[in-house]
Amino acid sequence: RQTGPLLISPEHNTVFYIDSLPVMVTLAWNTLQDEEYYVIELYKAGAFYDQYIWSENSITIGLDEIDVYAWRVKAGSSLWALDTYWSTTWQFTLQLN
């Protein structure tokens, strides 16, 4: 089983100071050779919030609550016996100005 993707942005512990909601946040990670899809898990306030299956190495999501979010990614391919391990988990915070 391969190591999971490396997260790129937003960097761990980033705080987004925003004027209004909803806000669009782009999550990005490195690509892996032969990957066909990525599974992205999003957590809010420490609890599972949503999961996305995506074919590219970034995704833009709309968030409508001020909170602390965490995210992680793994990759998969029909050429591999198993999906990769999960990436490290990074978090970011949405905070009103």
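The model is predicted; local features need pLDDT of at least 70, side-chain atom pairs count only at pLDDT 80 or more, and totals for chains, interfaces and linings use all residues. Residues are numbered from 1 along each chain as its sequence is written, and side-chain values use heavy atoms, with hydrogens and water left out. The chain has 0 helices and 8 strands. Helices (H or I, at least four residues) and strands (E, at least two) are DSSP runs, numbered from the N terminus.

**Overall shape**

- Along the sequence, the pattern reads β-β-β-β-β-β-β-β.
- The radius of gyration is 14 Å, close to the 13 Å that the globule rule gives for 97 residues, so the chain is as compact as a globular protein of that length. The radius is taken over C-alpha atoms, and the rule is 2.2 Å times the number of residues to the power 0.38.
- Along the principal axes, the C-alpha atoms fill a box of roughly 45 × 20 × 20 Å.
- Of the 97 residues, 38% are buried. Buried means under 20% relative accessible area, exposed over 50%, and partly exposed in between (1.4 Å probe, protein chains only).
- Take the contacts between residues at least 6 apart in sequence: 65% of them join residues at least 24 apart. A contact means heavy atoms within 4.5 Å.

- An open sheet of 5 strands runs in the order β2-β8-β7-β4-β5, with mixed pairing. Two strands pair if DSSP finds at least two bridges between them.
- β2 and β5 (47–54) are the edge strands; each has a single partner strand, so one side of each lacks a neighbour in the sheet.
- From one strand to the next, the twist averages 25°. Axes are lines fitted to C-alpha atoms, and angles run from 0 to 180 degrees between N-to-C directions.
- β2 pairs with β8 in the parallel sense, over 5 bridges. I18 has L96 in β8 as its bridge partner.
- β4 and β7 run antiparallel and are joined by 8 bridges. Here Y43 is opposite A70 in β7.
- β7 and β8 also run antiparallel, with 4 bridges. Y69 is opposite F92 in β8.
- β7 is mostly covered, with 7 of its 9 residues buried.

**The nonpolar core**

- The largest nonpolar core has 22 residues; L27, W29, L63, W71 and F92 touch the most other members. Such a core is a set of buried Ala, Val, Leu, Ile, Met, Phe, Trp, Tyr and Cys residues joined through side-chain atoms within 4.5 Å.
- β3, β4 (37–44), β6 (58–63), β7 (68–76) and β8 (90–96) each give two or more residues to this core.
- Not counting residues up to four places away in sequence, L27 touches residues including I40, I61, W71 and F92.

**Two leucines**

- L21 sits in the loop between β2 (14–18) and β3 (23–29). L21 is partly exposed, at 33% relative accessible area.
- Beyond neighbours within four places in sequence, L21 contacts L63, D64, E65 and I66.
- L6 lies in the segment before β1 (7–9). L6 counts as exposed, at 58% relative accessibility.
- Beyond neighbours within four places in sequence, L6 contacts W29 and N30.
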